[in-house]
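Please look over the structure below before reading the notes. The points that follow are grouped by topic.

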Amino acid sequence: MPQMAPLSWLTLFLFFVSIYLIFNIMNFYSFNYLIKSSKKIKKSIFYNWKW
């Protein structure tokens, strides 16, 4: 591959690894957590059993 002769393989490896890490970090920190309210409403269901 004469087109890639001036480029060092180590430089290319570091370039692609850095892009991979940046991509993963941005995906990790762009996740939005849902804010839960501190009040919890407990719903109780009563069944009226007739035997």
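Helices (H or I, at least four residues) and strands (E, at least two) are DSSP runs, numbered from the N terminus. The model is predicted: local features need pLDDT of at least 70, side-chain atom pairs count only at pLDDT 80 or more, and totals for chains, interfaces and linings use all residues. Residues are numbered from 1 along each chain as its sequence is written, and side-chain values use heavy atoms, with hydrogens and water left out.

**The chain**
- The chain has one helix and zero strands.
- Of its 51 residues, 2% count as buried (buried means under 20% relative accessible area, exposed over 50%, partly exposed in between; 1.4 Å probe, protein chains only).
- The accessible surface of the chain is about 6,300 Å², and carbon and sulfur atoms hold 70% of that (Shrake-Rupley method with a 1.4 Å probe; for residues, only the protein chains shown count as cover).

**Y20**
- Y20 lies in helix α1, which covers residues 9–29.
- Y20 counts as exposed because its relative accessibility is 54%.

**Aromatic pairs**
- There are two aromatic pairs in the structure (rings of Phe, Tyr and Trp, the last by its six-membered ring, pair if their centres lie within 6.5 Å; planes under 30 degrees apart count as stacked, over 60 as edge-to-face and the rest as tilted).
- F15 and F16 make an edge-to-face pair, with 5.4 Å centre to centre and 70° between the planes.
- F15 is partly exposed, because its relative accessible area is 45%, while F16 at 54% relative accessibility counts as exposed.
- F28 and Y29 also form an edge-to-face pair, at 5.0 Å centre to centre with 85° between the planes.
- Both F28 and Y29 are exposed.
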